[in-house]
Amino acid sequence: MQFHHDGYVSGDPRIQPAQGTGVNRPEDLPDEVDVLIVGSGPAGMLLAAQLSQYPSVTTRIIERRAGRLKVGQADGIQARSVETFQAFGFAERITQEAYRITSTSFWGPRDDDPAQIHRTKRTDDDPNGISEFEHLIVNQARVLDYFAEAALHGPARIEPDFGIEFVSQQRDDHPTHPVLVTIRDSGATREQEDAALAAATGLGAEAARLAVNEATAAPATQASEAPTQQIRAKYVVGCDGARSAVRRSMGRQLLGDQAFHAWGVMDVLTVSDFPDVRMKCAIQSAAGSILLIPREGGHLARFYVDLGEVATDDAGKVRTTDIHDTIARANAILSPYTLEVKDVAWYSVYEVGHRLCDRFDDGVDAAGGEREPRVFIAGDACHTHSAKAGQGMNVSMQDGFNLGWKLGAVLTGQSPDALLATYSAERQVVAQNLIDYDKQWSSLMAKKTAELTDPDEMTRFYVDQAEFLYGFRTQYEPSMITGSATHQALAAGFPIGKRFKSYPVARVADANFVQLGHHHRADGRWRLYAFADASGEALARFAEAAPVVLSRFTPADSDEDAVFDVKVVLQDAWQDVDLGAVPPIFLPRTGSLGLVDYEKVYAAIAPRDCQPAAPKMAVGTDMDADIFDARSVSRDGALVLVRPDMYVAHVLPLDAVGELEEFLTGSVLPG
């Protein structure tokens, strides 16, 4: 972590100095804002944390609850999300308090007695070494806390305005702030929410804690009588859940189908003789199915319990299923093992549904004509699916990450307005892929044992789809921010359109072995990696031409790496690299004191050199392979350009600075 840029820092270096809109931030909502975020869920809070890095942008986030979320429903954190946490600076801290999933057990009926189950297989949770990060389980409320901290500690000092309800929005021809938003006091109070939580908690295992979520999510009845207020915004982002008022105000709706299958989900403290009660399990028996997810803290576990088919005329009756009935069903599925529930932390019943908006913005007017998007939706506001895939919170956060840097770039004049149209174009496809995956996974989980023609079908699907499950199958199509695959062969291990896959390297200045991708911070900057031979002519040509080109896109009064963070990865042994001979582009002067940044020059190493603190690697990984071999990077050199949201934008020859400039001209405005 770097600090001391502008002088000695003796306090917490994670708290950045307040700048711009973060200085003397007004308590009351201003009459005009640049970005209004509606909803403080995963997409909204990540978006706020990202926009907090843009102190010239006035961002406010409204939430109809009276305060922070206390009981979250989502808990599965995929490795791509942990990579994102790393970019926001809290991956290590949240990992320490989380439950880490390293293995998954599969259980099925015994051949000699189908009424009883036995373990059929165990598999590594990440059998192919997709990421150096692990699959985590941690409460959604804690995830939101960490993003809230990042938003508050960013230069813009963003924090939610609680107790405010979004009513409606409409676009007009206002020259600068064309979205007129109507809001009002939600009527919710922290006292009401605390009372609901206390009452529900006191019920223990005798009843569900649905009252908690209803009290914190639904506005009080008097809210409809509260006076309204209007503010103007340049952009509005609806992160307000499946019943999104922002989506309704856009005239859009979730379209899809219902699977007519119900599941009871409970976070419980139990005593059980089931041997894998502290391991992630997919269980299928004659009595139904269970997905078991151990929770953080060593005792809590989440059970998704199959409640069976739902009649088309059920009219929601299944949602009133008593907790005792769900526990009884769980015991029947687990036979011959037993489950004694000591306390219920949370319980709900849901029906599987797969719904999606056809686009995630208002870029089409009432007459069907294309226009500049001004209102966006993210997360559950635009895609819903079952909880068992563990993707809802994860995909929602990536929605926010995708949109956040684009809003920041447009509002600061770094990129053209057209950049914002890529949000819906990119994320809607991802959501559709998620729904397709979830339909398959939910169908497999709901299969009765009599329907299982292949006992290993679920296991094979889980392993084969691990890349998707971990959040890494997303690959954006060519666009103004994603290049063509003309030169992909120069760095085949960094596929264009997919996230930049990290690998260990040596930082030359201090001989520290680090993960290259972990220096990619959520600060809105592009990353440009030059892979080269220290004495090669191609590197010399790049180092001479690139500063001239990149300076055209960099504001004259800012640091030379304010827009592009340029790093070099050398084939040479780190001991043989002479920092004094490294071109100045890789040793820029930054901050008000003009200090040298020494964290941009790296050397290729093999993972074995990282011992004993080697990063997590796949079983069978060649421990003698350096990043050039592991990521199939040409020894003749290559440039890898990475977007601010960590996706590879382009791969080019090392000295193709002209092609680099041509590509950037479409997405980055002159400084």
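Figure 1. Strand 21 (residues 526-532) and strand 22 (residues 564-570) run parallel and are joined by seven bridges. Two strands count as paired if DSSP finds at least two bridges between them. Helices (H or I, at least four residues) and strands (E, at least two) are DSSP runs, numbered from the N terminus. The model is predicted, so local features need pLDDT of at least 70 and side-chain atom pairs count only at pLDDT 80 or more, while totals for chains, interfaces and linings use all residues. Residues are numbered from 1 along each chain as its sequence is written, and side-chain values use heavy atoms, with hydrogens and water left out.

Figure 2. The whole structure holds 20 aromatic pairs. Rings of Phe, Tyr and Trp (its six-membered ring) pair if their centres lie within 6.5 Å; planes under 30 degrees apart count as stacked, over 60 as edge-to-face and the rest as tilted. The ring centres of Phe 360 and Tyr 423 are 6.3 Å apart with planes at 55 degrees, so this pair is tilted. Phe 360 lies in the loop between strand 16 (339-356) and strand 17 (375-377), and Tyr 423, 63 residues apart from it, in helix 10 (residues 421-446). Phe 360 is buried, with a relative accessible area of 0%, and the value for Tyr 423, also buried, is 0%. Buried means under 20% relative accessible area, exposed over 50% and partly exposed in between (1.4 Å probe, protein chains only). Tyr 476 and Tyr 647 form another tilted pair, because their planes meet at 50 degrees, with centres 4.8 Å apart. Tyr 476 sits in the loop between helix 12 (466-469) and strand 19 (504-507), and Tyr 647 in the loop between strand 26 (638-642) and strand 27 (648-652), so the pair ties together parts 171 residues apart in sequence. Both Tyr 476 and Tyr 647 are buried.

**Figure 3. A ring cluster and two charges over rings.** Phe 85, Phe 88, Phe 90, Tyr 146, Phe 147 and Phe 401 are linked by ring pairs into a cluster. Arg 374 lies over the face of Tyr 235, 4.8 Å from the ring centre, and Arg 499 over that of Phe 472, at 3.6 Å. A charge sits over a ring if NZ of Lys or CZ of Arg is within 6 Å of the ring centre and within 35 degrees of the ring normal.

**Figure 4. Helix 1 and its cover.** In helix 1 (residues 42-51), 10 of the 10 residues are buried, so the helix is largely enclosed by the rest of the structure. The cover includes strand 1 (32-38), strand 2 (59-63), helix 2 (79-88), helix 4 (140-153), strand 11 (228-238) and helix 9 (392-411).

Note on methods: Contact means heavy atoms within 4.5 Å.
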